[in-house]
Amino acid sequence: MRPAWLCRNCAAPWPCNPAQLHLATEFYGHSIALSFYLALNLQDAIDDLYALGARPDVRALHLRFLGWLSISRRPRRAAEHG
């Protein structure tokens, strides 16, 4: 739910654990695209929170939006199995 960036289902800060699981499933095999998507949402969240008059903790937001990602866990391509 924008502009507060809360989950529509559980009202926890988005991306909550269920949202993370959904995103990981939706973007499976496309971790770079997921990273870009979340980075864009991070910027939107920062902008929205400033527009509400808040002073967002940018480090905490970065951890919330991107800190749970691990590009090293992406699936290997067949060509890499050499």
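Q: What should I know about the model before reading numbers off it?
A: This is a predicted model, in which local features need pLDDT of at least 70 and side-chain atom pairs count only at pLDDT 80 or more, while totals for chains, interfaces and linings use all residues. Residues are numbered from 1 along each chain as its sequence is written, and side-chain values use heavy atoms, with hydrogens and water left out.

Q: OK, how much space lies in the largest pocket?
A: About 400 Å³, where a pocket is an open set of points on a 1 Å grid over the protein atoms alone, at which a 1.4 Å probe fits, with protein on both sides within 12 Å along at least five of seven lines; the volume is the space filled by probe spheres set on the points.

Q: And which residues are closest to its centre?
A: Of the 18 residues that line the pocket, those are Met-1, Arg-8, Trp-14, Ala-19 and Tyr-37, with lining residues having an atom within 4 Å of a point.

Q: Which element gives the largest share of that lining?
A: The largest share, five residues, comes from α1, and the elements that give two or more residues are α1 (17-26) and α2 (31-51); helices here are DSSP runs (H or I, at least four residues) numbered from the N terminus.

Q: Switching to α1 then, which of its residues are buried?
A: Ala-19, Gln-20 and Leu-23 are buried, meaning under 20% relative accessible area with a 1.4 Å probe and protein chains only, whereas exposed means over 50% and partly exposed lies in between.

Q: Why do they line one face of the helix?
A: Seen down the axis of α1, the buried residues fall within an arc of 100°, so they line one face, the arc being that of the directions from the helix axis to the C-beta atoms. On the other side of α1, Asn-17, Pro-18, Leu-21, His-22 and Thr-25 are exposed.

Q: What do the buried ones pack against?
A: The buried residues of α1 pack against α2 and α3 (58-66).

Q: What does Gln-20 touch?
A: Gln-20, which is at 16% relative accessibility, touches Pro-15, Arg-64 and Trp-68, not counting residues up to four places away in sequence, where contact means heavy atoms within 4.5 Å.
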